[in-house]
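Trainee: Could we go through this model together? I would like to ask about a few places in turn.
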Amino acid sequence: MQFDTMPNLLKKRVFLTPDRTAIYFNEETITFKELYEKSLQTAGKLQGLGVKKDQFVGVLLKNHLDTVVILFALQLLGVKAVILNNRLTTKELIWQVNDARAASLILDNDFEQIKKEVTIPAVTKDQLFAATSVTPEIQEEINLNDVCTVMYTSGTTGNPKGVLHTYGNHWWSAVGSALNLGYTDSDRWLCSVPLFHISGYSILMKSVIYGMPVILHENFDAKRAINDIKNKHVTIMSVVGTMLYRLVEALELEGCQLPKHFRCALLGGGPAPLPLLEACKAKEVPVFQSYGMTETASQIVTLAPEYSIIKLGSAGKPLFPSQLEIILEDGRMASPREAGEIVVKGPNVTSGYLYRPDATQVNFNDGWFHTGDIGYLDGEGFLYVLDRRSDLIISGGENIYPAEIESVLLAHPDVADAGVTGFDDETWGQVPAAFIVRKKNAHITEVELKQFCLENLAKYKVPKSFYFTDKLPRNASKKLLRRKLSELVQEGRIHK
Ligand code: ATP
Ligand code: MG
């Protein structure tokens with residue numbers, strides 16, 4: 001007999017600890033019992049509007065208590081929530097709604113334009129809450145293999161792909177994280193990352209699975225985050241690099257430090273530049289570097305606290321339930337310190353992409369997921385992520401990772417943002433080119449930046465050309481679109 005069923009997660013949590021606080025949102029607090037009751041009522045309204053078990057339903061909502069209620073209502077009904085990024089353009093959103101073949105769409109009141117343009121039934125949050133409720137058919141049990149959510153990848157390397165997350169993926173992600181970070185009854189997690197990303201949604205799942213209060217913010221504001229860390233006793237917070245920069249800046253401005261109860265800034269989403277990690281070390285911000293992607297239902301590799309200093313720059317080791325290997329181009333396993341593709345396996349890893357058997361087949365091999373990222377393991381099995389395979393620059397037979405050069409450039413006090421990509425070159429095959437956004441009132445020149453790079457990088461890695469611009473092309477997740485950098489030059493939109 002296979003044990004692939006579990007009780008409905010929210011219902012079980014309510015049974016265990018009904019009166020614990022589930023969410024703090026602005027001035028409101030809500031216990032697990034209240035969250036369940038509201039979600040149950042909303043499930044009744046959704047069912048009344050024709051939403052049914054197993055349908056894919058689009059969700060386009062901001063970080064809000066109501067969003068949490070709606071997301072759990074969908075889980076209660078056994079609906080597969082296609083959680084959409086509200087920073088996308090209308091065109092991109094319509095593409096995803098169509099790609100997912102969503103049966104209907106639930107959206108925030110001020111996304112009127114999209115409501116007009118989609119061809120499927122769309123209800124605003126207000127319309128939903130005003131609808132009449134029927135007695136909902138609740139999924140008393142969940143099957144760990146059933147799809148709970150669909151989230152699209154950020155589309156950094158091409159078109160976004162719909163990633164299927166089962167209940168099992170979410171469950172094991174939460175368990176793997178707790179086995180690494182630990183969990184105590186005094187933990188409270190600050191969620192100022194978007195709920196539409198796996199980084200945010202996974203915090204909600206942890207809340208229910210651990211019985212842990214979440215402090216939910218509409219968006220990230222460094223001052224507010226510091227305030228709530230102090231006053232609402234936040235112990236853990238999920239961050240991406242830019243948030244952490246702003247947090248450290250704000251601490252410096254206020255001349256203060258985070259309280260001792262704050263034990264973890266879980267950093268993910270992209271490379272962690274060394275200067276940032278060093279600034280955090282100086283300010284005693286406890287950073288846990290991590291590596292993960294939509295496909296791994298949040299982090300799959302995290303640096304355990306006792307290694308955060310001695311292994312600075314490493315993303316850590318795979319979480320307890322997961323495995324990781326580095327595979328060379330010829331299919332062999334890499335030796336320590338040898339760079340190759342990062343492949344991962346584990347119960348938190350997606351089983352594939354929605355309606356994309358082609359991409360699923362290309363990326364999966366015997367249960368191992370090929371991430372498309374390059375990295376290496378040191379002699380003790382700590383992972384160092386170098387870059388995306390598609391962004392690798394091969395110059396005169398040497399591999400150059402744009403992220404390493406960007407990290408050096410970002411360490412220059414006059415540089416606000418930096419992007420590096422490869423340009424074709426007759427002699428070397430490819431050479432690195434840098435795109436720089438200067439800090440306000442800074443006048444740094446190409447010659448000075450080249451000199452700075454020469455002091456910090458091997459000569460072949462020093463960019464051969466520098467372009468200065470006001471803004472780098474980033475996607476809705478603020479990730480650098482390196483493939484668009486060379487397009488800017490080709491299209492004549494940027495000059496040296
Ligand atoms: P797409 O798959 O559509 O191109 P994406 O890969 O940017 O988009 P996400 O799932 O949001 O979509 O991002 C995961 C990626 O972010 C990883 O595959 C990796 O390239 C990068 N990343 C995550 N953590 C780290 C890290 N610690 N260091 C370097 N890169 C990281
Ligand atoms: Mg990806």
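Trainee: Which helix holds Asp66?
Mentor: Asp66 lies in helix α3, residues 65–77; helices are DSSP runs of H or I with at least four residues, strands are runs of E with at least two, and both are numbered from the N terminus. This is a predicted model, in which local features need pLDDT of at least 70 and side-chain atom pairs count only at pLDDT 80 or more, while totals for chains, interfaces and linings use all residues. Residues are numbered from 1 along each chain as its sequence is written, and side-chain values use heavy atoms, without hydrogens and water.

Trainee: What is Asp66 in contact with, leaving aside neighbours within four places in sequence?
Mentor: Asp66 is then in contact with Lys125 and Phe129, where contact means heavy atoms within 4.5 Å.

Trainee: And which polar contact joins the side chains of Asp66 and Lys125?
Mentor: One of 3.1 Å. A polar contact is a pair of N or O atoms within 3.5 Å; within protein, one must be able to donate a hydrogen and the other to accept it, and residues adjacent in sequence count only if both atoms are side-chain atoms.

Trainee: Changing topic: how is the domain assignment laid out?
Mentor: Domain 1 covers 5–386 and domain 2 covers 392–490; such bounds come from an automatic or database domain assignment. Their C-alpha centres lie 31 Å apart. To the contact, domain 1 gives 16 residues and domain 2 gives 13 residues.

Trainee: What area is buried between domain 1 and domain 2?
Mentor: About 1200 Å², with 57% from carbon and sulfur atoms. Buried area is the accessible area (1.4 Å probe) that two parts lose on being put together, summed over both.

Trainee: In what order do the strands of the open sheet run?
Mentor: The 3 strands follow the order β25-β26-β27, with mixed pairing; two strands pair if DSSP finds at least two bridges between them. At the edges are β25 (415–425) and β27 (465–468), each pairing on one side only. Strand β26 (residues 429–438) runs parallel to β27, joined by 4 bridges.

Trainee: Which residue of β27 stands opposite Ala433?
Mentor: Ser465.

Trainee: Lastly, is Leu488 buried or exposed?
Mentor: Leu488 counts as buried because its relative accessibility is 12%; buried means under 20% relative accessible area, exposed over 50%, and partly exposed in between (1.4 Å probe, protein chains only). Leu488 is found in helix α15. Not counting residues up to four places away in sequence, Leu488 touches Pro473, Arg493 and Ile494.

Terms used:
Chains lettered and ligands numbered in written order.
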